[in-house]
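Please look at the sequence and the model together before reading on.

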Amino acid sequence: MAKRKNSTTGTDATAVTISSNTEENFVRGGASTLTPLEHREISNQAAKDLFETSKSKSTDGEPAKKKKKPNKTKVVTKTEKPKSDKAHIEQLTFKKLTVGTSLLGCISRINELELFVSLPHQLVGVIPITEISDHFSEIIQQIAANDDGDSDDEDSGMPELNNVFRVGQWIRCKITQLPEFEEKSKKPIELSLKPKVVNEDMVSVDVTPGVTLGATVKSVEDHGYVLDLGVKKVTGFLPKKEAESYIVKYNKEQDLVVGQYVECLVEKKSKSTVQLTIDRTKISASNVDDPFSRITSILPGQRVSGAVEAVQNNGLVVKMMGLYTTTIDVSHIPSSVNIESSYKLGQKVVFRTLFTILNTEEKYIGGSLLPHVLELDVPTLAQGIKSEKYVGDVLSAGSFLENTKVYRVNNTSVWATLDGVDGVTGYVHISRLADERTPNISATEGDYKIGSIHRARVLSYNPVDAIAVLTYQPSVLAEKYMRVADIEVGSMVKGVVKKIIPAGVILKLSEKIQAFIPSSHMADVKLSHPEYKFKVGKKFECRVLRVETGSQKVILTLKKSLINSEFPIFKNMEEIKEGDISHGVIIGVRKNGCVVGYYGDVTSFVPGSEMTEAHVPDLSTVFNVGQTVKTTVVKVNAEDRKMYASCIAHKKKKQEQKQEKKKEKKKLIKKEEVKEKKLSHKGKNAIKFVENHNRLKAFKDVRRGIRYFAYVSNVTSAGVFLQLSKNISARVKIGNLSDEFLQEWKNLFKVGDIVKTKVFFIDKDAKRLEATLKKSVVNKNNGKEESDDEEKPEVDNDDDEDEEMSEAKEESEDDDEEEVPEEDDDDDEDED
């Protein structure tokens, strides 16, 4: 015994295991050789006797010694265990995966025809709509057979995955197809969610209270739902009261539908029927107490207990239920826990199974001790508070983290804590530490030693591992876009030509994002030789037409008519109103009209009668796909996603606006005429008013083309005589009284009226002025002196009319002696 003690005294603290002289019935990860009933009887006893050793036997052939009374207080201690080699802790990698591997996953994205699922250890898979439930598969087959998805029957319509799944939902799935290792970055891991696939190897005897598994709704009954568990000879029933909390919180208060997938917990079992619940609180807290009769019945997502068999700095080895070896990788142990000091050999731990690989010669079972996995919930963020939003939206790809602190380093990776975030860990691969190659990293020295702080950018988030995959590369930190969803429709982006293909041009926007310019959007006109314009490496600034996050596509345009359009862009039908104008591109020409595309998924239909003012029998002879047109919204229904527009409505509107302007102008002229009539004065008050406005001190101050106020001093058969001031007069001939021919013009002018006039002829020697009262002349170029080239009314130099002017002046002087009314100081007068 002394020798055994000496051999274990120096046991390596990083690799301590339990050994037993008793031969184990179950090798590492192997299957039980007992029948289910025999195993059920002895399993509990086997768990209790896990650490007991059998009595040593004589090996030298000597007669057996007399048995001594056993010492009840004597126990096998750690020092009696031999030193062991370091245990192998399983970390799931792509190379270890096989078709038939079962995994616990979390939905990270929902598309129309598939679910994207985050898997343990930063793996990602896809579940096609045909691998969700038998009911959904039947619907898809019917649609494919009919080749018509527009059926009026709701039950035969395409299932909307957004209504029956949610981002962040936990699921159990099985791998159905793996791409080749060389194509893993291009092709996804294909998964199945169907219970008959995922649970096919589970036996009915192991469907006991505490077991959780995935199921689909088979039928809806009056008092609950019949669920398909995928286990032979077992039927599940879900009472409606056990579905209420789930429906309210997670199912938009809508009842479950046939074919819908749910995670459920077995509460009771009666022969071949089990009563289930989908209450998330019960599911997260349930434990499987009865050991599974065979290893193939172990499914991912089971909350179980086990005894620690090995403690290492890279994880734990646990004997689940005393029978099945399970490994827990360091990435699924809370980062705040010191593994070697917190876990002891033989210590009982409660964990949840992550994955099972049971169809290979060597079996693998992985587990997790992370709190959010144990609870099947979201991790905590700041101050222990759980986010109501999906954490992947909080730590979205492309977002920046200012202070990440390195807390663990190995040969290929760095782990970091995130400032202000408790339940999520940062992970940086060695290739993402810097732009240049990093040959090696150390935990105690260098730029990335433990305790060093770095600015990081989020590349992705895995909800199963609660790990944010980060980069420290300066070039990536400087990039504008990290994901397609960051690019805004209608915005201007810069890119470099990467490749020219017959359909268009591929532009590189960033290290990870490429965009496409269709041939119809290379320019406003069709290019015969686009290769002359688009040379590899040449930079272009384009406008974003569409962003398809599902297919990760970005469509751009280089049409100047769209890029330089003065009108707002149409990208959201909810914001468009009748009468709005925008440029669009014809994407379809029909017999009765054209389909016009805008930005995003916004389109409109323009009837043939609204395409052009002239009648065109065949629109294709005038309009072509790719042509830019200016459209005016005639009718829009955002709810039905329908919009009607016109290519000539803006012209009609312009004509209407012209007519309105003419009407307004006429009204204004009439209004001015009324105002002028209000300015009727006599005698000194009239002269004073005119002099105050004209400010003419002498004849030399009069300027041609300037508008003046004038006082009608006399009306004769030769015309109207005006006073611009007390000593300055002007004559208006009959032809210059109005723009229109006036037969009874004398009735329109009375002595004492104040009018607006313009002087168009000045005779400085004779001190004679010719003026006009035509509105078209008086209201033109107000305040600017007329040029010599401008057309003016003709001037008559008759001497008889000169005499009339002098006579008119004398009459006006006589009027000064007449009694005049008080001056009207209305605001209208001041404005004029």
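## Terms and basis

Helices (H or I, at least four residues) and strands (E, at least two) are DSSP runs, numbered from the N terminus, and the expected span of a helix is 1.5 Å times one less than its number of residues. This is a predicted model, in which local features need pLDDT of at least 70, side-chain atom pairs count only at pLDDT 80 or more, and totals for chains, interfaces and linings use all residues. Residues are numbered from 1 along each chain as its sequence is written, and side-chain values use heavy atoms, with hydrogens and water left out.

## Helix α3

Helix α3, residues 134–146, has 13 residues and reaches 18 Å from its first C-alpha to its last, close to the 18 Å expected at 1.5 Å a residue. Within α3, the residues F136, S137, I139, I140 and I143 are buried (under 20% relative accessible area, with a 1.4 Å probe and protein chains only). They lie on the same side of α3, because they cover an arc of only 160 degrees around the axis, taken from the directions from the helix axis to the C-beta atoms. On the other side of α3, Q141, A145 and N146 are exposed, that is, over 50%.

## The loop residue S204

S204 is found in the loop between α5 (195–198) and β7 (212–220).
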